Amino acid sequence: MTGQSLRRHIMSRAMTALVVLFSFLAVLALILILGNLIIKGASSIDWAFFTRSPVAAGQTGGGVANAIVGSVLIVSLAALIGVPIGVGAGMYLAEYGSGRLGFLVRFIADVLNGTPSIVIGIVGWTFIVKPTGRFSALAGSVALAMLMIPMIARTTEEMVRLVPNSLREAALALGYARWRTSLKIVARTALGGIVTGCLVGIARIAGETAPLLFTALGNLNFTTNLSQPMQTLSLQIYVYATGPYDEWHRLAWASALVLMGLVLIISLVARWVTRQRYGSVR
Amino acid sequence: MAASANARLRLETVKLTALFGQHRAVRDVSLLFPANTVTAIIGPSGCGKSTMLRCLNRMHELTPGASVDGQVLLDDVNIYARDVNPVELRRRIGMVFQRPTPFPTMSIYENVAAGLKVNGRKPRPEVDDAVSQALQQAALWDEVKDRLHTSALDLSGGQQQRLCIARAVAPAPEILLLDEPTASLDPAGTQRIEELCHALKRLYTIVIVTHNMQQAARVSDYTAFMYLGSLIEVGKTNELFTKPKVEQTEAYITGRFG
């Protein structure tokens, strides 16, 4: 082997090793998080954990049923508000947003995407909690929706842009109106990607705490009343983890494991949805 | 096949000019497309033949910055008149593109039915009839009749192109525009499409754009030769190819340029 080819060979090996190392480090975070949660949290998960609400401070037993139901309610309502607006805005940006208004909306969405979530929480407090005079699940949902709308809008736009223009032309040549082309041909073709984008957005907000601190507030009692303060898993973890009791710390770990599991399930569903569709983008 | 109901249909361009911004891609073209014939538009790449075709069903104006001057008369009505709705106009004119464009989320059946539903819902048996008739006209029925509800993407390229023809003819248009319909097909697929042109001209007035002169000679009754956006010569296909009147036409068809 000549000197030069030997050098190339060593260099190639070294670079490959480096890339493998980085990939491992990237995955390591997830392994550490999951491992830690399972070790510290799994032992506290039993039937009561899912079915009972918290007991008074200092006592043992009780569960986080209030937080699980609260998370599902608040996130569902946020998705109900955020998904139609986000998908609609994304469709507009991709199909009609070539002009000045499109540029403006795209710019605002990008700024909103980078806005710290605690700021979104303050906005929710200012515009809903303060005028209505109370913390509520609804205010929390609105704050989370504000967080997910720009995310969904931008992913939807990207997915819709992947639809080849030849399909739009084919539909228009058949006598489809512009709106019908967007809805029946373009949106349907991009549906897999759009659904994935929405699920990823939902998974993102499911774990948010900061926007809820000033809006949904938290509630140690079980409630399904959307106009009342409501607990979520993330808020429960925040309260329990910063509290003084060992029992609380135990429940915080378990709650974190459940929350992580929920997010994982949503991500897996997102994967599954895209794999199911034969004729869509992505 | 039944005699056409549109035997007296007239499609004609009068001093048609198509622009992209300031660039005149088609210049002052006046051309008559006789009913129930196949007219081929030939010419070298970039001569404006595809743009010309896209002016006939108002697809040209969908490109940002594109505009049209002059007239296109369909039964003596200028399709660029203010009161003509381009969306409704396109339902009277079918179009097939260079590459097959089946709608990927739809089955074979839904693809063919796609153009039928734009005029409102129709009873199921009526749609079924139209779909099978269109597939028969496109010579695809025998190959797909047992799998109408499977994905259109499972078809071969040639089959997909015939599916697109079926989709274009299903709403019973008066005119069929073919934009290099065999450009992405193998010889066998090409031959089937050319046979279709012969069969379909009994029902429709066909305009086909092609860069392939043999194809023009095989399928068309009339041939128009375009160069640099202008119409150089038009005539009966056998006359244009055997004794062209213009020097440039002769140079092109004998392969001396283009």
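1. Helix 6 of chain B is mostly covered, with 12 of its 13 residues buried. This helix spans residues 157-169, and the model in which it is described is a predicted one. The buried positions are G158(B), Q159(B), Q160(B), Q161(B), R162(B), L163(B), C164(B), I165(B), A166(B), R167(B), A168(B) and V169(B). The elements that cover them include strand 6 (93-96), helix 3 (108-113), helix 4 (124-137), helix 5 (141-144), strand 7 (175-179) and helix 7 (187-200) of chain B. From its first C-alpha to its last, helix 6 of chain B reaches 19 Å, close to the 18 Å expected at 1.5 Å a residue.

2. The loop between helix 6 and strand 7 of chain B holds A172(B). Although A172(B) is not a glycine, its phi is positive, at about 55°. With 17 other C-beta atoms within 10 Å, A172(B) is partly exposed.

3. A positive phi also occurs at D75(B), a residue other than glycine, where the value is near 50°. D75(B) lies in the loop between strand 4 (66-74) and strand 5 (77-78) of chain B.

4. Chain A has 11 helices and zero strands, and its pattern along the sequence is α-α-α-α-α-α-α-α-α-α-α. Taken along the principal axes, the C-alpha atoms of chain A fill a box of roughly 70 × 65 × 35 Å. Of the 282 residues in chain A, 41% are buried. Among the contacts in chain A with a separation of 6 or more, 75% are between residues 24 or more positions apart.

5. Within chain A, helix 5 (residues 117-132) and helix 6 (residues 137-161) have axes that come within 9 Å and cross at roughly 135°. Helix 5 of chain A and helix 6 of chain A are therefore oblique to each other, and their crossing is right-handed. Helix 5 of chain A contributes S117(A), I120(A), G121(A), V123(A), G124(A), I128(A) and V129(A) to the contact, while helix 6 of chain A contributes A139(A), V142(A), A143(A), M146(A) and L147(A). By class, the residues of this contact are nine nonpolar, three polar and no charged.

6. Helix 6 of chain A also packs with helix 4 (residues 100-113) of chain A: their axes come within 8 Å and cross at roughly 130°. Helix 4 of chain A is thus oblique to helix 6 of chain A. The crossing of these two helices is left-handed. From helix 4 of chain A, A109(A), L112(A) and N113(A) meet P150(A), M151(A), A153(A) and R154(A) of helix 6 of chain A. The contact of helix 4 of chain A with helix 6 of chain A comprises five nonpolar, one polar and one charged residues.

7. Turning to the contact between the chains, 20 residues come from chain B and 17 residues from chain A. On the side of chain B that touches chain A, the largest share is that of helix 2 (residues 86-91) of chain B, with four residues. The residues on this side of chain B are 10 nonpolar, five polar and five charged.

Terms used
Residues are numbered from 1 along each chain as its sequence is written. Chains are lettered from A and ligands numbered from 1 in the order in which they are written. This is a predicted model: local features need pLDDT of at least 70, side-chain atom pairs count only at pLDDT 80 or more; totals for chains, interfaces and linings use all residues. Two residues are in contact if their C-beta atoms, placed from the backbone, lie within 7 Å. Ala, Val, Leu, Ile, Met, Phe, Trp, Tyr, Cys and Pro count as nonpolar, Asp, Glu, Lys and Arg as charged, and the others, Gly among them, as polar. Axes are lines fitted to C-alpha atoms, for helices over the stretch in contact, and angles run from 0 to 180 degrees between N-to-C directions. Angles under 35 degrees count as roughly parallel, over 145 as roughly antiparallel, 65 to 115 as roughly perpendicular and the rest as oblique. A crossing is left-handed if the near helix is turned anticlockwise from the far one by less than a right angle, and right-handed if clockwise. A residue is buried if 20 or more other C-beta atoms lie within 10 Å of its own, exposed if 12 or fewer, and partly exposed in between; C-beta atoms are placed from the backbone. The expected span of a helix is 1.5 Å times one less than its number of residues.
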